[in-house]
Amino acid sequence: MAATNQNDFLIQFENISKVYQMGLELVHALRDITLSIRKNEYVSIMGPSGSGKSTLMNIIGCLDTPSTGKYFFKQYDVSDMSDNELADIRNKEIGFVFQTFNLLPRATALKNVELPLVYSGVNSSKRKEIAQQLLEGVGLGDRITHKPNELSGGQRQRVAVARALANNPSIILADEPTGNLDSKTGKEIMILFNKLWEKGNTIILVTHEEEIAHYSHRIIRLRDGLVESDEKNGNPIVPKISELEEIE
Amino acid sequence: MKFSEIWEAIVIALDSIKANKLRSFLASLGVVIGISFVIIMGWALAGLDKVLLDTINMIGSDMLYVDKWDWSGGQNWKLLQARKPITLEQANEFIKRVKTAEVAIPIAKRHRTLIKYENLNFEGISVQGSLSEYGLTPAGAILDGRFFSPSEDMYSANVVVFAYNAYYSVFPDGDGIGKTVKINGHKFYVIGVVKKQGTALLDFVDNQVFVPLSSFLGCFGKYRRSLSIGVKAGSPEMLDEVRTETIGIMRGIRGLEPWEELDFSVNETKTFEKSTDMFRLYVWGIGIGMTVLSFIVGIIGITNIMFVSVAERTKEIGIRKAIGAPKRSILFQFIIESAILCLIGSAFSFIGCSVLIYAVATFLPKAFPSISFLSPYIPLKLLYIASFVSIIVGILAGLIPAIRASNLDPVDSLRYE
Ligand SMILES: Nc1ncnc2c1ncn2[C@@H]1O[C@H](COP(=O)(O)OP(=O)(O)OP(=O)(O)O)[C@@H](O)[C@H]1O
Ligand SMILES: [Mg+2]
């Protein structure tokens with residue numbers, strides 16, 4: 001790989017720790033983590049339950065703040081930022097995909113996808129247009145007026161992916177995106193991620209499943225809040241063209 | 001704050017209220033009652049203002065009445081009773097001397113005088129003796145027939161002009177002009193009817209008859225009779241000057257030394273404003289107490305329901321924060337919900353009060369004619385006041401729950417089930 005310059009780093013962790021207090025006991029969810037992730041990387045984070053994967057993701061996504069250490073997002077020091085600035089980063093730079101989808105139950109697919117655009121101040125007609133395009137992009141062009149409970153799990157997760165893409169963010173953060181899906185629908189989601197990565201997006205996902213992790217190009221393993229290993233995946237799974245087109 | 005955020009907050013609020021109709025209705029009950037108090041109070045006071053204005057217009061805002069009695073009612077009745085009567089001679093002397101006034105007329109009154117028509121007796125009607133000039137004041141405006149003339153004054157003609165209600169109680173068919181009635185046993189010829197003056201403050205004015213002063217004194221005698229003097233200043237700006245002159249002349253006529261207190265009163269329409277001020281104070285006192293109480297209950301109810309709403313939507317708040325909703329947006333969302341809840345409540349009280357007020361003002365005066373001044377409509381101004389007050393109440397009630405919502409931790413909220 002060619003020499004890279006510092007500015008390629010999207011995410012830089014310097015000695016990040018996260019400590020929770022549980023009664024008298026201190027829980028060290030993350031211990032002194034230092035790592036960097038570049039633009040257009042495709043990373044998966046693995047590790048046993050309780051090892052700190054979600055905590056790490058939440059800090060990367062500016063949903064949570066570290067107890068100690070420095071986090072630079074695009075060279076900006078996140079620890080200096082106000083609540084409003086963090087909200088703005090979450091809105092414009094980060095797209096979350098959750099294991100439990102986290103869609104608004106009473107809103108239609110279209111409305112759910114529009115939501116990030118509401119907070120970035122896009123006007124109503126433009127919002128509808130963008131959301132419609134994104135839903136078509138994940139193969140749900142004919143489901144835009146459905147509410148979450150009228151959609152299958154796989155379809156819900158695709159709505160969530162479309163929502164994550166609404167403001168054209170730099171990173172997609174997915175915490176066990178296939179955890180609640182069967183292997184076939186899980187694969188559909190992975191095909192979507194692959195497409196996004198090919199278009200230049202940075203993707204970070206948490207997973208338990210080795211097979212899912214093998215879609216990515218780098219695998220970080222956590223144990224007890226520490227990085228156990230951080231390796232390149234020299235042989236990522238590439239979905240076949242026919243599979244890619246299935247979604248279109 | 002972005003426009004899309006504001007609009008979103010309104011849509012969410014309406015959605016949430018729609019999804020919990022009964023709960024929202026019960027929560028806003030206190031506000032509904034509070035707003036209803038405001039509306040009914042405002043409506044009653046608007047009615048009062050109208051009466052006051054009517055009264056002043058009828059009497060004329062440029063009129064002074066020199067009298068043994070004081071209209072304000074604030075004075076000791078016994079002291080007033082002990083005052084010497086204002087005699088016909090004093091009144092005539094005053095009228096001769098006064099310069100600044102446009103016109104001055106002596107007026108004599110007798111309450112509850114027996115009036116006979118054919119073989120029917122009427123007992124509740126007052127008789128007023130005055131001069132033909134009285135017919136030129138607003139209170140003597142003619143509806144039908146004519147007022148008596150200066151020569152009828154001079155020759156003590158037995159002619160009578162009826163006020164509106166008196167006319168229709170004696171002549172239900174309105175055919176009294178040209179007929180003869182007996183007042184205190186004396187025959188009088190009916191020559192005219194005065195327009196309805198009808199104000200609730202002075203409802204007796206419609207229930208009297210007018211005769212020439214000389215005839216009046218011939219009928220009822222002038223011994224120990226106290227007259228009053230109506231003094232028309234010509235314009236409200238002249239009042240002060242005319243009042244000063246009036247007091248000066250009357251002091252002279254009544255033989256008062258400079259250090260002695262007045263033994264007569266100079267009444268004017270301002271006195272009515274004072275007496276209604278008291279009434280106004282009562283309405284506000286009672287009304288405000290009840291209103292504040294129901295608003296307190298209302299605020300507690302709404303605050304409570306908003307806490308429930310925040311708790312129920314913890315997950316939603318987490319989702320919104322995760323995708324970039326700033327604190328202020330969440331804060332605003334819940335304050336708007338609470339404000340809209342109250343605004344809808346005030347709309348309901350407006351509709352309810354409209355129906356109530358229309359019914360009251362339409363049907364109640366049939367039983368109690370003296371309250372016929374009440375308008376069947378709510379003044380538009382009250383719509384704005386009620387909306388404004390309800391929005392303020394909503395903001396106050398929603399503030400604490402909204403602050404709590406906006407401070408929720410996004411990670412914790414997302415985990416909430
Ligand atoms: N809010 C909290 N308060 C206290 N302890 C917490 C909190 N959140 C996480 N932890 C603790 O931090 C550690 C790491 O939690 P985290 O959710 O990051 O694990 P994970 O790797 O995502 O696990 P899983 O695979 O089960 O999702 C755990 O021991 C957990 O109990
Ligand atoms: Mg986790």
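**Before you start.** This is a predicted model: local features need pLDDT of at least 70, side-chain atom pairs count only at pLDDT 80 or more, and totals for chains, interfaces and linings use all residues. Residues are numbered from 1 along each chain as its sequence is written, chains are lettered from A and ligands numbered from 1 in the order in which they are written, and side-chain values use heavy atoms, with hydrogens and water left out.

**Stop 1: ligand 1.** Select ligand 1, which lies between chains A and B. Now show its shell of 15 residues, where a residue is near if one of its heavy atoms lies within 4 Å. The closest are A:Ser49, A:Gly50, A:Lys53, A:Ser54 and A:Thr55. By type, the shell has 5 nonpolar, 7 polar and 3 charged residues. Here Ala, Val, Leu, Ile, Met, Phe, Trp, Tyr, Cys and Pro count as nonpolar, Asp, Glu, Lys and Arg as charged, and the others, Gly among them, as polar.

**Stop 2: the oxygen atoms of ligand 1.** Pick A:Ser49: an N or O atom of its side chain is 2.5 Å from a ligand oxygen. For A:Thr55, a side-chain N or O atom is also 2.5 Å from an oxygen of ligand 1. At A:Gly52, a polar backbone atom lies 3.0 Å from a ligand oxygen. Ligand 1 taken alone exposes 630 Å², and the protein buries 71% of that; these areas come from the Shrake-Rupley method with a 1.4 Å probe.

**Stop 3: helix 1 of chain A.** Select A:53-60. Helix 1 gives the largest share of the shell, 3 residues. Helices (H or I, at least four residues) and strands (E, at least two) are DSSP runs, numbered from the N terminus.

**Stop 4: B:Arg112.** Go to strand 2 of chain B, residues 103-117. B:Arg112 has a positive phi, near 45°, and is not glycine. Is B:Arg112 buried or exposed? Its relative accessibility is 60%, so it counts as exposed (over 50%; buried is under 20%, partly exposed in between; 1.4 Å probe, protein chains only).

**Stop 5: the hairpin.** Select strands 6 (180-183) and 7 (186-194) of chain B, with B:Asn184 in the loop between them. They form a hairpin with 2 residues between them. Phi of B:Asn184 is near 50°. B:Asn184 is partly exposed, at 33% relative accessible area.

**Stop 6: partners of strand 7.** Strands pair if DSSP finds at least two bridges between them.

- Strand 6 runs antiparallel to strand 7, with 4 bridges; B:Thr180 partners B:Tyr189.
- Strand 5 (159-162) runs parallel to strand 7, with 4 bridges; B:Val161 partners B:Gly192.
- Strand 4 (142-145) is antiparallel to strand 7, over 3 bridges; B:Ile142 stands opposite B:Val194.

How values were computed:
Polar contact = N/O pair within 3.5 Å; in protein donor to acceptor, adjacent residues only side chain to side chain.
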